[in-house]
Amino acid sequence: IKSASVSSGANLAGKVSNGLKRLYGFQHDDGGWGWWKDDKTDPFMTAYVVDGLNQALKAGYGVESYRINRGREALKRMIEAHKAEDGKPIDPEFHAYMVYAYVSSGENGANYLNDVFNNRSQLQPYGKALLALALKARNDSRAEAVANDLERTVSGADGYAHWQSTRKPMLDFTEDNSLEATTMAVRALSLIKPKSDVTPRAAKWLVANRKNG
């Protein structure tokens, strides 16, 4: 059992290392990431990678810091422009994710958070959960107000709870992302309102629906 555990850990470290190298190779000259090496920088993918690199760094893996810094610079440009590098406007949900990735990776971003908070009525539960997490990362007291709003908008019965949310078009189609919304909401509530009675019911719903994730 001990040798299997050591092997598993070594395999994980190797996979993380290979993943980091692959991400570095896909980073664009402007600091962002797209779906491919040579396409336009994409707002969602840039936020996704910056968030992932930040999580790897917090988990103790060696991440080239300038990669995150350049990614944040790309995020900043798109956040301030409210549009992607190809000129397309950024959906409010993706905008919230970009601000979350920017702030949680160490930047202040107070003005960006204020903008998202003031326009939170445009957000679905997925975006609101990201906003709550971003506010919590800055120890902003408004995180509790957003968490309260999440509690009020929860759906469910028979001991289960979840948040209904729909992803706007990303690859030319719209899809339900209630699993992601519920996951993010659980993360937010567990950090901001750890005694919420909604969290265990939502966790139960996630386990029951994990095959759909």
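Analyst: Contact means heavy atoms within 4.5 Å of each other. This is a predicted model, where local features need pLDDT of at least 70, side-chain atom pairs count only at pLDDT 80 or more, and totals for chains, interfaces and linings use all residues. Residues are numbered from 1 along each chain as its sequence is written, and side-chain values use heavy atoms, without hydrogens and water.

User: Which residues does Ala143 touch?

Analyst: Leaving aside residues up to four places away in sequence, Ala143 touches Ala132, Leu135, Lys136 and Ile192. Ala143 lies in helix α7; helices here are DSSP runs (H or I, at least four residues), numbered from the N terminus.

User: Why is Ala143 called buried?

Analyst: Its relative accessible area is 3%. Buried means under 20%, exposed over 50%, and partly exposed in between, with a 1.4 Å probe and protein chains only. Ala143 is therefore buried.

User: What puts the buried residues on the same side of α7?

Analyst: Ala143, Val146, Ala147, Asp149 and Leu150 are buried in α7. They cover an arc of only 155° around the axis, so they share one side of α7. The arc is taken from the directions from the helix axis to the C-beta atoms.

User: Why are α7 and α8 called oblique?

Analyst: The axes of α7 (residues 142-152) and α8 (residues 178-192) cross at roughly 130°. Axes are lines fitted to C-alpha atoms, for helices over the stretch in contact, and angles run from 0 to 180 degrees between N-to-C directions. Under 35 degrees is roughly parallel, over 145 roughly antiparallel, 65 to 115 roughly perpendicular, and the rest oblique. The two helices are therefore oblique.
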